[in-house]
Amino acid sequence: MRTTIVRRIGDSPSQRGSMSGQCCPDIFELSDGSFAVVGREATAELDSELPPDASRADYERIVVITRETLIAAKKDIPDA
């Protein structure tokens, strides 16, 4: 089965004040229950900063979203 976007989590970039579309981090809930994040790719910058008990597979990337994006999403993140 193909995974699809079910809904946005939090406010849209325009609701958070992005008028240019140049800075549009976003969070989406997917049909399989996981989440997709649109953000700035920062793997090279932050990979060596991961704590010893954290790792990432070759196909995974470290993505940065703004604090504002996550705080705006808090109301829509399920407790369980």
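Q: Which ground rules apply to the numbering and to the predicted model?
A: Residues are numbered from 1 along each chain as its sequence is written, and side-chain values use heavy atoms, with hydrogens and water left out. Because the model is predicted, local features need pLDDT of at least 70 and side-chain atom pairs count only at pLDDT 80 or more, while totals for chains, interfaces and linings use all residues.

Q: How many helices and strands does the protein have?
A: Helices (H or I, at least four residues) and strands (E, at least two) are DSSP runs, numbered from the N terminus. Here the count is two helices and five strands, and from the N terminus on the elements run β-β-β-β-α-β-α. The C-alpha atoms fill a box of roughly 35 × 35 × 25 Å along the principal axes.

Q: What is the order of the strands in the open sheet?
A: In general, strands of a sheet pair through backbone hydrogen bonds, either parallel or antiparallel. Two strands count as paired if DSSP finds at least two bridges between them. In this protein, an open sheet of three strands has the order S1-S2-S3, with antiparallel pairing. Strand S1 (5-8) and S3 are the edge strands, each pairing on one side only. From one strand to the next, the twist averages 30°; axes are lines fitted to C-alpha atoms, for helices over the stretch in contact, and angles run from 0 to 180 degrees between N-to-C directions.

Q: Which residues does Ser34 touch?
A: A contact means heavy atoms within 4.5 Å. Not counting residues up to four places away in sequence, Ser34 touches Phe28 and Glu29. A polar contact is a pair of N or O atoms within 3.5 Å; within protein, one must be able to donate a hydrogen and the other to accept it, and residues adjacent in sequence count only if both atoms are side-chain atoms. The side chain of Ser34 makes such a contact with the side chain of Asp32 (2.5 Å).

Q: Is Glu29 buried or exposed, and what does its side chain contact?
A: Glu29 is found in strand S2 and counts as buried because its relative accessibility is 17%. Its side chain makes a polar contact with the side chain of Arg7 (2.7 Å). Leaving aside neighbours within four places in sequence, the contacts of Glu29 include Thr4, Ile5, Val6 and Ser34.

Q: Where is Ser12, and is Ser12 buried or exposed?
A: Ser12 lies in the loop between S1 and S2. At 11% relative accessibility, Ser12 counts as buried. The Ser12 side chain makes a polar contact with the side chain of Ser14 (3.1 Å).

How values were computed:
Buried < 20%, exposed > 50% of the residue type's maximum accessible area, 1.4 Å probe, protein only.
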